[in-house]
Amino acid sequence: MEKSALIKMCLFLLAVTVAFSLIIHGMDKQEIVDCLEWKEQAEQYPNFWLTPSQESQCDYHKIEIDAPIKIK
């Protein structure tokens with residue numbers, strides 16, 4: 001393999017790795033924002049409830065929400 005092709009491949013792999021890391025970081029940040037919004041809504045609305053997936057998402061980020069869990 002030619003040296004310039006190897007360098008291009010390494011740069012491409014680095015770019016993909018950086019892009020993937022940024023996407024994952026952004027998704028984590030959005031999940032935290034969602035949980036904080038749900039926490040605020042739970043404090044504001046007395047009949048507010050969470051789904052099991054919302055509960056597990058907020059538990060993962062260690063955000064406690066005082067709301068019942070609705071299971072269908």
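Lys62 is found in the segment after helix α2 (52–60). Helices (H or I, at least four residues) and strands (E, at least two) are DSSP runs, numbered from the N terminus. At 73% relative accessibility, Lys62 counts as exposed. The phi angle of Lys62 is near 60°. This value is positive, in a residue other than glycine.

The model is predicted: local features need pLDDT of at least 70, side-chain atom pairs count only at pLDDT 80 or more, and totals for chains, interfaces and linings use all residues. Residues are numbered from 1 along each chain as its sequence is written, and side-chain values use heavy atoms, with hydrogens and water left out.

The protein chain has two helices and zero strands. Its radius of gyration is 20 Å, well over the 11 Å that the globule rule gives for 72 residues, so the chain is more spread out than a compact globule. The radius is taken over C-alpha atoms, and the rule is 2.2 Å times the number of residues to the power 0.38. Along its principal axes, the C-alpha trace spans about 65 × 25 × 15 Å. Ala5 and Glu55 illustrate the separations found in the chain: 50 residues apart in sequence, they are 48 Å apart in space, C-alpha to C-alpha. Ala5 has its place in helix α1. Ala5 is partly exposed, with a relative accessible area of 34%.

Of the 72 residues, 17% count as buried. The accessible surface of the chain comes to about 6,200 Å². Carbon and sulfur atoms hold 63% of that surface. Areas come from the Shrake-Rupley method with a 1.4 Å probe; for residues, only the protein chains shown count as cover. The chain carries 7 positive and 11 negative charges, and their mean positions are 10 Å apart. Lys and Arg count as positive, Asp and Glu as negative, while His and the chain ends are not counted. Each charge is placed at NZ of Lys, CZ of Arg, CG of Asp or CD of Glu.

The largest nonpolar core has nine residues: Cys35, Trp38, Ala42, Phe48, Leu50, Cys58, Ile63, Ile65 and Ala67. Such a core is a set of buried Ala, Val, Leu, Ile, Met, Phe, Trp, Tyr and Cys residues joined through side-chain atoms within 4.5 Å. Helix α1 (residues 3–44) gives the most to this core, with three residues. Leaving aside neighbours within four places in sequence, Cys58 is in contact (heavy atoms within 4.5 Å) with Cys35, Trp38, Ile63 and Ile65. Across the chain, residues 24 or more positions apart account for 33% of the contacts with a separation of 6 or more.

Gln57 lies in helix α2 and is buried, with a relative accessible area of 17%. Not counting residues up to four places away in sequence, Gln57 touches Glu31, Asp34, Cys35 and Trp38. Gln54 is also found in helix α2. At 15% relative accessibility, Gln54 counts as buried. With the same exclusion of residues up to four places away, Gln54 touches Trp38 and Trp49. Gln54 and Gly26 are 28 residues apart in sequence and 18 Å apart in space, C-alpha to C-alpha.

How values were computed. Buried < 20%, exposed > 50% of the residue type's maximum accessible area, 1.4 Å probe, protein only.
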